[in-house]
Amino acid sequence: SKVESKNNIKNDVKKNHVEDKNQGKKSFKEKNNEMVQDKPNMLVESNKKKKTNNIMLNSLCKTVYEDKEINYGDNVLESSTSAHKLSNKKQNQVSNKNINEKQNYNKSDQNQSKFSDRSFNDDKYDQKIVNDINNIGLHDTHKSINDVGEGMLEEIDEDLFKLSKDYSLAHCVAEDLRMGAGIAVDFKRIFGGVGRLVDQKLKIGDVGIVQRHGQFAFYLVTKKYSNGKPTMNTMEKALRSLFIIMKKNNLTKLGIPKIGCGLDKLDWSDTRSLIVDIFSGSGIKITVCMPSKLIDSKTPQRLNVHITPSNLWEMVAETIIVVFIDLEQVCKKNWKDNVVDKVDTKYPFKENLLKDVKNKKFEPGAIAKYIVKNEVIICIFVTQKALYSSLEDGFKSIDQTIKYYKYLAIQSGPIEPSDNFEHISWIVLILRSISHSCELWLCGDVNQTSVTYYDQYCKNVLSSMNHSFQISSPAQNNYKYNDNRHNLNMRETSYQNRRSESFRESVDQNSSTKTDT
């Protein structure tokens, strides 16, 4: 029975072969023979697919790299949102191509399953890399790169300003550049340069630059007003701008505090991840200084500023008259300046000024001092291209030249129009960053009926303008200034008792001379 069963099976197999042959079907042996014959052609196709996958892999990696190194061109304020959308669009296009290729490849993979050729295994390996990158996605690809570059950021217990001078330093500021609290006070005290920052006309997302003794200080503008708060979006814009500036200047070391996470209340873990994401792989080492001991940043006494309806040439004795001289205009024939001419009528100095301009070469920020009728007149030379930088240098020279407590006066005119209000605000901000041993008088505001405190006046104006500069004014129950020093009918007033005797001695010694600085 067993023999008969085996014979029956053999007969059935032969019968099936005959039926398959009649129906045009090929035997397993024939299939194998054909596959062996077609093996060279399949290897050629395999190599083609391998090259295709390599091209796709390189293209995708390039897309990821271009997304990381976003080219902002001249506009450093451009948000990265559009760039990410474009990059995601490219990635989706590549991903769709990969799906089609993968489907075709799987068919080929089934046909070639009988072969264990090395080139075939290489194709599967390359395809796995492409699929892995597609599965990671653009954001995750950034993370994988950042994991490698995590060592570029270091957190240490140290005072930021004790880092070596080959470190560039950076912190966050507002557009109004008040810098009245936190580590910003120390930046303003150590690096100065407020006038230079004003001339840079910074907006949110920009980075201001001040250089002192070869060391860079960067000011990341992350909000509009000092009493406002930044967002992660504005922080990202400023950090990307900083990245571009550092690469252009070939700077490789950066020292920062926990930016945006002190008074600005951002979360440090989010900010830290953002920094790593932007700077990883750049070759820039970032040191975050987090001192365990509180640094005693003493806020200097604030310079008092007053507004008066009296004109500059009408001020009482021993007030230092400060006028601004435009270097581009003063050289013109028959030059006229309304303020200079009015002051010159009472205290003739213009003739000597024009002689000095003709015979000497004054740089922006230089000063010239004239003493006429026992009154001091100081000219600060400026240019419109670097107006506030010039004023900053001029006020520094005045502060260094005249050591005693001084009363400076400039002709401001009506302050309330918005353009002039901003201009005067910058002047006050600059002088307050430099000198603390003087008072400033803003003259010629005919809209005032008496002397007022500048800070309180600004609060009133800004509230009506729906503006929000951060201003702290002296504690006064009434902002009207009530000092008989400025009763113009009285030449002997109480303030004269507060004068330093050195002023009188200086005037007595130089009353008949002219000194230029």
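**Figure 1. Leu-169 stands opposite Gly-255 of strand β5.** This is a predicted model, in which local features need pLDDT of at least 70 and side-chain atom pairs count only at pLDDT 80 or more, while totals for chains, interfaces and linings use all residues. Residues are numbered from 1 along each chain as its sequence is written, and side-chain values use heavy atoms, leaving out hydrogens and water. Strands β2 (residues 168-174) and β5 (residues 253-256) pair in the parallel sense over two bridges; two strands pair if DSSP finds at least two bridges between them. Strands (E, at least two residues) and helices (H or I, at least four) are DSSP runs, numbered from the N terminus.

**Figure 2. Six strands make an open sheet.** Follow the order β1-β6-β5-β2-β4-β3, where the pairing is mixed. At the edges, β1 (153-156) and β3 (207-212) each pair on one side only. Helix α6 packs on this sheet, touching β2, β3 and β4 (215-223), and its direction makes about 120° with that of β2. A contact means heavy atoms within 4.5 Å. Axes are lines fitted to C-alpha atoms, for helices over the stretch in contact, and angles run from 0 to 180 degrees between N-to-C directions.

**Figure 3. Phe-187 and Phe-191 form a stacked pair.** Rings of Phe, Tyr and Trp (its six-membered ring) pair if their centres lie within 6.5 Å; planes under 30 degrees apart count as stacked, over 60 as edge-to-face and the rest as tilted. By this rule there are eight aromatic pairs. The ring centres of Phe-187 and Phe-191 lie 5.9 Å apart with planes at 20°, so this pair is stacked. Because they sit four residues apart in helix α6 (residues 183-191), about one helical turn separates them.

**Figure 4. Phe-362 and Phe-381 link distant parts of the chain.** Phe-362 is in the loop between α12 (350-359) and β9 (367-372), and Phe-381 is in strand β10 (residues 375-382), 19 residues apart. Both residues are buried.

**Figure 5. Helix α14 is mostly covered.** Of its 17 residues, 13 are buried. At 1.5 Å a residue, α14 (residues 418-434) should span 24 Å, and its end C-alpha atoms are 25 Å apart, which agrees. The expected span is 1.5 Å times one less than the number of residues.

Terms used. Buried < 20%, exposed > 50% of the residue type's maximum accessible area, 1.4 Å probe, protein only.
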